[in-house]
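Good morning, and thank you for coming. Please look at the model on the screen while I describe how its parts are arranged.

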Amino acid sequence: MAEKKLTFEQAMARLEEIVRRLEAGESPLDESMALFEEGAKLAAQCSAMLDKAEQKVTKLTRQGDAAVEVPFVPEGTEGTT
């Protein structure tokens with residue numbers, strides 16, 4: 001069976017759920033190990049998605065032959081520190 005491709009947000013939500021269940025410490029060892037394995041895969045998937053997004057942003061902010069780092073400022077927070 002093929003794995004369903006999750007969005008970044010879905011993967012993070014599932015990862016947070018897994019962390020909560022593992023931190024509760026109420027699952028049997030075999031279930032905890034399965035959750036840990038799923039969580040490790042999700043963490044790798046999220047990391048890869050973030051890397052891809054960062055590469056895309058870098059590509060979009062290139063000027064000439066040099067990449068220019070542009071700090072991310074969330075909308076509505078300009079001028080606040």
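I begin with the helices: helix 1 passes helix 2 in a left-handed crossing, meaning that the near helix is turned anticlockwise from the far one by less than a right angle. This is a predicted model, in which local features need pLDDT of at least 70 and side-chain atom pairs count only at pLDDT 80 or more, while totals for chains, interfaces and linings use all residues. Residues are numbered from 1 along each chain as its sequence is written, and side-chain values use heavy atoms, with hydrogens and water left out.

Which residues make the contact? Contact here means heavy atoms within 4.5 Å. On helix 1, they include Phe-8, Leu-15 and Ile-18, and on helix 2, Leu-35, Phe-36 and Met-49 are among them. By class, the contact has 13 nonpolar, three polar and four charged residues. Nonpolar covers Ala, Val, Leu, Ile, Met, Phe, Trp, Tyr, Cys and Pro; charged covers Asp, Glu, Lys and Arg; the others, Gly among them, are polar.

Let us turn to the whole chain. The chain has two helices and two strands, in the order α-α-β-β along the sequence. Helices (H or I, at least four residues) and strands (E, at least two) are DSSP runs, numbered from the N terminus.

How much of the chain is buried? Of its 81 residues, 12% are buried, that is, under 20% relative accessible area with a 1.4 Å probe, counting protein chains only. Finally, 56% of the contacts with a separation of 6 or more join residues 24 or more positions apart.

Technical notes
Buried < 20%, exposed > 50% of the residue type's maximum accessible area, 1.4 Å probe, protein only.
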